[in-house]
Amino acid sequence: MSKNRILVVEDDIAIADAITINLQYSGYEYSVFHDGQKAADSLTGDHSYDLALLDIMLPGIDGFALLEYMQKYNIPVIYLTAKSDAASEIKGLRDGAEDYIIKPFAALTLLVRIEKVLERTGKLDKILRVRDITIDLEKHTVTKDGEEIELKPLEFEVLVMLAKHKKRTIPREKMLNEIWGIDFYGGTRTVDVQIANIRKKLDLADVIKTIPKYGYRLED
Amino acid sequence: MKLWQKISILCIIVLLLVVVTCSVLLLLSSRNTILEQSVEQAQTEQYNLHAAFSTMVSYYLDDTESSATRQSVVKYCFQQFANENSVLINDSETIYSEVTINPEEWLTLPEAYNLLPSANNQRTWQGEILDRNILIIGSTVTILSDNYDVYVVKDITPIYNSIASMVWRFVLICGIGIIVGTLLIILLVRRTSKPLITLQSTARQIANGEYSERSDVSTSDEIGALASDFNTMAKAVETHVAKLEDTAQRQKLFIGGLTHEFKTPMTSLILHSETLLTTDLSKEDAENALSHINRQCKWLESLTQKMLRFITLDEGIIKRQESVVELLDDVEESIEATLQTRKTPLKIRCDVKTLEIDYDLVKSLLINLIDNASKASNEGQAIMVSAYDNTLEVSDHGTGIPENEIARITDAFYMVDRSRSRLKGGSGLGLALVKQIADAHGAQLIIESEVGKGTTVRVVFPPITKI
């Protein structure tokens, strides 16, 4: 499966740059527009996007109006906006947006939300590859050199999270939140134990790097 | 207790006291007069009887006659004058009586009688005999050494009965009078105190936040004066509250705008710094992220500066006669570097010597206007600054402002083209600040603009007041 393509419409150049650089390093392809009208016009030529990230306050056509264009081509939408009032959130979701992120937001939050939408719409690649390791998200299996390796459920989740965000440091707290859930009261040591197991089972000691006092990063 | 009730009750008590006292006094005096008159009448009757009888009897009688004859002569003489009330007694022997009771019998019981004052040797008694009110007047006539007692016995019960019925009539009349009086008092007092109630309800409405309510009480008494003062007070309160509400509303809008304005740079700061922290960026990408962070920080800093200016401007300005040439030179010097980078030259024309202004504020106003003009202009397009009459004018040949947006561009945080404005470092506060400085000087801010042809902003100061 080829890389997922994402349409970004955000008038603030600094924010748009920050988003695209994260998309690029997470292995997405993207197109950026700083103007709603131009984004809408471009769709007539090229509309093979898997997802659109739309700002609401935009020059030209605003984000709410852009949603209609997106729906015409079945492109799922996530809104990014400083409008934190409940009314616009309800409007956005009722009109058929997939999700809604309020500024300011963290990059990892954005990436996780993007993955969730892609997963829901079935556009996410079901196979992740790390060097000679293949991770099948559907079958929940991990194979190394064609040989299946047994991983416990938690180990599998941690590996998937690292593999989805290659070259990005994932904080221990973030992993706890995403995998164990917010209600989990165990210390961050639990994460270290899982990482140690993964390193041993898959021979990834060099590939999964420990970033002191922060978290772990999977190098490619 | 309510005021009208208090006043009414006081009035009613006074009315009751006066009416009851007067009635009692009047009744007593009427009763006495009536009784005195009947006593007097009876006394006169007895006196006449006595006189007529004694004259006649002394004329007809001499001592030669036998006692039996004498008795019949006396009886005859008495009969000539007697009526149904007359009694004649000689030594406990009743010679003549039409009356059912014997006065002698009753007169021996002194406790049953009141001895009333009388003249002409009369004796007068009054008292209750057998449930009747009886008046007895008597005197003694001596005829040939015989004593004859002449009495008039009158039943005055009807007089007492009429006095009693008079009392009842009085009570009835007084009762009706008091009831009517009470109703009248309540009605009148309520009417007099009604303006107070109206005033009170108005005060209550104002207390509930209906500050535009006014009292329509216009009586010429103290209540009217109070109402008029009250209205003056209500107006002062309304003006004050409206001012406070306006200030609060403006501050709310300002803070709302500010929060929104902060969110965008904050988002990009968070995103870029987080990316730098967590992602192994290439050198070029890392530098790009850092330069974004740097720019956003500078922009936030300039926004803070402008905000401070904007907030503290309300604290009052000091106007002096200042040289306009000096001012324009100063402005040019301050903004020269920026204009050179943007390649938008500045042309200055000055036909005014002095203006009465706050130098620093007007300098800031001009810099803001010139900065805006330069942002709207393309490279090579000149910006004109001119001073004439009481006017400072800044004009450009830049993009211009759409007609429907002109009215709103002086609102804080309003931007016609948000992305373009942000790109050039606009905060959305510049023109709001300009407007506030102009207002503080009592100057008019006139903005004329046409899309594609440029914008002219005029600040017209009020004419100098000649002393």
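**Figure 1. Surroundings of B:Phe78.** Leaving aside neighbours within four places in sequence, B:Phe78 is in contact with B:Leu49, B:Phe53, B:Ser86, B:Val87, B:Leu88, B:Tyr96 and B:Val150, where contact means heavy atoms within 4.5 Å. This is a predicted model, in which local features need pLDDT of at least 70 and side-chain atom pairs count only at pLDDT 80 or more, while totals for chains, interfaces and linings use all residues. Residues are numbered from 1 along each chain as its sequence is written, chains are lettered from A and ligands numbered from 1 in the order in which they are written, and side-chain values use heavy atoms, with hydrogens and water left out. B:Phe78 belongs to helix α2 (residues 67-81) of chain B; helices (H or I, at least four residues) and strands (E, at least two) are DSSP runs, numbered from the N terminus. The relative accessible area of B:Phe78 is 0%, so the residue is buried. Here buried means under 20% relative accessible area, exposed means over 50%, and partly exposed lies in between (1.4 Å probe, protein chains only).

**Figure 2. Helix α10 of chain B.** This helix spans residues 430-440 and is mostly covered, with eight of its 11 residues buried. The buried residues are B:Gly430, B:Leu431, B:Ala432, B:Leu433, B:Val434, B:Gln436, B:Ile437 and B:Ala438. After α10(B) comes B:Gly442, which has a positive phi near 70 degrees.

Figure 3. Chain A contains eight helices and 12 strands, and buried residues make up 52% of its 220 residues. Of the contacts in chain A with a separation of 6 or more, 57% are between residues 24 or more positions apart. The accessible surface of chain A is about 10300 Å², 49% of which belongs to carbon and sulfur atoms; accessible areas come from the Shrake-Rupley method with a 1.4 Å probe, and for residues only the protein chains shown count as cover. A:Asp12 is located in the loop between β1 (5-9) and α1 (13-25) of chain A. With a relative accessible area of 3%, A:Asp12 is buried. A polar atom of the A:Asp12 side chain lies 3.2 Å from the backbone nitrogen of A:Ala14.

**Figure 4. The interface between chain A and chain B.** In this interface, 29 residues of chain A are in contact with 25 residues of chain B. The two chains bury about 2400 Å² between them, 60% of it on carbon and sulfur atoms; buried area is the accessible area (1.4 Å probe) that two parts lose on being put together, summed over both. A:Ile21, A:Tyr25 and A:Pro104 supply 20% of the area that chain A buries against chain B, more than any other three residues. Zero salt bridges are counted between chain A and chain B, a salt bridge being a side-chain nitrogen of Lys or Arg within 4 Å of a carboxyl oxygen of Asp or Glu. On the side of chain A that touches chain B, the elements giving two or more residues are α1 and α5 (107-120) of chain A. The largest share of that side, 10 residues, comes from α1(A).

**Figure 5. Salt bridges within the chains.** Over all chains, the whole structure has 28 salt bridges. In one of them, A:Glu115 pairs with A:Lys164, the closest N and O atoms being 3.9 Å apart. Because A:Glu115 lies in helix α5 of chain A and A:Lys164 in helix α6 (residues 153-164) of chain A, the pair ties together parts that are 49 residues apart in sequence. Both A:Glu115 and A:Lys164 are buried. In chain B, B:Lys363 forms a salt bridge with B:Asp330, with 3.6 Å between the closest N and O atoms. This pair links distant parts of the chain, 33 residues apart: B:Lys363 is in helix α8 of chain B and B:Asp330 in helix α7 (residues 324-342) of chain B. B:Asp330 has 22% relative accessibility and therefore counts as partly exposed.

Definitions and conventions: Polar contact = N/O pair within 3.5 Å; in protein donor to acceptor, adjacent residues only side chain to side chain.
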